[in-house]
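Biologist: I have a new structure open and want a quick tour. Can you walk me through it?

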Amino acid sequence: MLSPSGRCHPFDASADGYVRGEGCGMLILKRLNEAEVDGDRIWGVIRGSAINQNGASAGFTVPNGPAQERVMEAALVKAGLAGGDVDYLEAHATASQLGDAIEVHAAGSVYGRGRDADRPLLMGTVKSNIGYLETAAGVAGLIKAVLAMRQGIIPKHLHFEKPNPQIDWDRLAVRVASEKTDWPPHPDRPPRAAVSAFGISGTNAHMVVEGYGTERENGSAGAGVQSLRGAARQVPVSLPEPLVNLPLAMDGLTERAARFLPLSGKSDGALRDMAGQYLSWLDEHIAGSSPEAPALADMAWTASVGRSHFDHRAAVVFGDTQSLRAGLAKLAETGAAPDRPDPRPAAKVAFVYAGEGGQWAGMGEALYGSEPVARAVLDRCDAVARAERGASLLDVMFGRAEAAGDLNDTDWAQPALYALECALAALWSSVGVRPKVALGHGTGEIAAAQAAGVFTLEDGLRFALTRGTLMAALPGVDPDQSLGGLEAAFAEIAVSPQSLTLVSGVTGQVADAESPLDGAYWRAQARGTPAFGAGVSTLAGLGADAVVEIGPGAVLGPQVSFEWPDPPDGEEAASPPLVLASMTRPSGENREERSAGFAEAAAGAYEAGLVLSLEGMFAGESRRRVSLPSYPFQRRRHWV
């Protein structure tokens, strides 16, 4: 059966056997509706398939024509199509004069039935290009057919110069695609192809496939293999358990001004190579696009949810193509930060909540505009403030002209900080980062207690409003009388057991049943000096290895690093904890700078190895999977 000339000549008069090859092909099969819901990149749809057996024949090298006809007809029946509905046949082709003649006559009988003479069945076989790949021969033909439909071009069938004289070419409505051929246009339906695979044992397999998507996405001049995108997927919004019933206001959300591209590998060299590949991808796909092109968001989405994430990581924060290029170029040149320790995923995350003093007009406004989770929490806090004070808390936070007060006034600063910090904690939760332990500084301890489930979001806001009013009045009244009012106000709040470890800002120790968070506690908390240093030591003793500051800037983070205790004498020094700031105070009015803080913090968490649910970085958006660079394997040769 092997060709003595060492070349396959399917359907040609010189056909003298086949040439062996080796290869593999990989396909992912999935139910169409599930693939659409998941936003997968869909290459084609299997309409029908069938398999049968030759039965008795004249020998191994003599196929059974009627059996081939039956397997083709069975696949068409399952597909619900007629032979004339198929444009192209990716043939098996034995590359022998007799075998080819039997297959072409069988195909012409089935697919030529009722077919217009000016629209013949086009034929070809990938075996003229790569030989017979043994068990991968059939899947190679299927992959070729799907790629050809996507590209809109049938590749040239090679080594066809003089048609096989045993085939009645004039009678059959078939034609070999001996030149590169445009796929026949069909505005009213997708392109369709049939694929045959016939085994030497007599097993016959046949499949009918069609392109997926619109005509523009299949076979148009602008279509191509790399342009394939998945179906648009609406990314869900995830609120933490205590807040799941908050209404979501999705109208009017703005495009996120800052994102990060996650890159990872098994080595630093792979990271550098991948950065270079993404630079090439930008040259090919984003050249001439506007800086806010959806393609950048789809790129970040695909890299986030469509790739494995290994230990060596880098995250490039960007707001447009220019900043993305700059970050990738730096990574491609230098790799990950040279002073960064070996990857060590954090196991115990602590949240530290900032107190009064770091607030700034406009804090949280960018998050409110683009993050549905943050907006839901802030809207609820604003509604409570309006009911309690008859004025908008958000107007004060965002520094609006119609605001009823000033953010630097204690009576507004404290509820504003509480609202912002609850929103930030919910935002971290939406990307999979939840604390095991919490510590609050001053006003921040109210938000820390809310995170621990001590009271509800609404009760915490009411308490912060009351605390802010009473603390603002302290210089002009008897402190004991004012703080007594604070204790009385807290007595009306329903208190629940803690759902996570809470470190007391009063004692610096773990809050437990012996030191309940009752009205007396909050009275002492308001009067005393925060025991923040002792609290940091407690965090270290609890094994916290990542500390996230929850607040409007980087205030407590540097203090945490400074206060972190040295190990006892004789013990090996442990690595200092990862310290992240959820937000940074901007130096100007630049919106990208105002909203980049959380993206930078999440990028830092990713680089440090925290397990993130990266879908949350795209909550509320409609995103598509796109073609991205594949993994840059760091190959090594091992000569024997």
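This is a predicted model: local features need pLDDT of at least 70, side-chain atom pairs count only at pLDDT 80 or more; totals for chains, interfaces and linings use all residues.

Biologist: At what angle do α13 and α16 pack, and how far apart are their axes?

Modeller: The angle is about 145°. The axes of α13 and α16 are 11 Å apart.

Biologist: Which residues of α13 and α16 meet?

Modeller: From α13, they are Glu445, Ile446 and Ala449. Their partners in α16 are Tyr521, Trp522 and Gln525. Sorted by class, the contact of α13 with α16 has 4 nonpolar residues, 1 polar and 1 charged.

Biologist: Why give both an angle and a distance?

Modeller: Because two packed helices are described by the angle between their axes and the distance between those axes.

Biologist: OK, next pair. How do α17 and α18 cross?

Modeller: Helix α17 covers residues 532-541, and helix α18 covers residues 556-563. Their axes come within 9 Å and cross at roughly 70°. Angles of 65 to 115 degrees count as roughly perpendicular. So α17 and α18 are roughly perpendicular to each other.

Biologist: Is that crossing left-handed or right-handed?

Modeller: Right-handed, as α17 passes α18. On the α17 side, the contact is made by Phe532, Gly533 and Val536. On the α18 side, Leu556, Gln559, Val560 and Glu563 take part. By class, the contact of α17 with α18 has 4 nonpolar, 2 polar and 1 charged residues.

Biologist: Why does Pro565 count as partly exposed?

Modeller: Because its relative accessibility is 32%. Buried means under 20%, and exposed means over 50%.

Biologist: And Pro294, buried or exposed?

Modeller: Pro294 is exposed, with a relative accessible area of 52%. Its place is in helix α7 (residues 294-305). Pro294 and Glu255 are 39 residues apart in sequence. In space they are 9.7 Å apart, C-alpha to C-alpha.

Biologist: Let's go inside. How many residues does the largest nonpolar core have?

Modeller: It has 108 residues. Met299, Leu328 and Trp428 have the most contacts inside that core. Helix α12 (residues 410-430) gives the largest share, 13 residues.

Biologist: What is Met299 in contact with?

Modeller: Set aside its neighbours within four places in sequence. Met299 is then in contact with Leu261, Tyr278, Trp281, Phe318, Leu324, Val626 and Leu628. Another core, of 32 residues, lies apart from the largest one. Its members include Met72, Ala79, Val86 and Ile167.

Biologist: Where are Glu134 and His159?

Modeller: Glu134 is in the loop between α4 (127-130) and α5 (137-151). His159 is in the loop between β4 (153-154) and β5 (174-176).

Biologist: Why do Glu134 and His159 count as partly exposed?

Modeller: Glu134 does so because its relative accessibility is 39%. For His159, the value behind it is 22%.

Conventions. Residues are numbered from 1 along each chain as its sequence is written. Side-chain values use heavy atoms; hydrogens and water are left out. Axes are lines fitted to C-alpha atoms, for helices over the stretch in contact, and angles run from 0 to 180 degrees between N-to-C directions. Helices (H or I, at least four residues) and strands (E, at least two) are DSSP runs, numbered from the N terminus. Angles under 35 degrees count as roughly parallel, over 145 as roughly antiparallel, 65 to 115 as roughly perpendicular and the rest as oblique. A crossing is left-handed if the near helix is turned anticlockwise from the far one by less than a right angle, and right-handed if clockwise. Contact means heavy atoms within 4.5 Å. Ala, Val, Leu, Ile, Met, Phe, Trp, Tyr, Cys and Pro count as nonpolar, Asp, Glu, Lys and Arg as charged, and the others, Gly among them, as polar. A nonpolar core is a set of buried Ala, Val, Leu, Ile, Met, Phe, Trp, Tyr and Cys residues joined through side-chain atoms within 4.5 Å. Buried means under 20% relative accessible area, exposed over 50%, partly exposed in between (1.4 Å probe, protein chains only).
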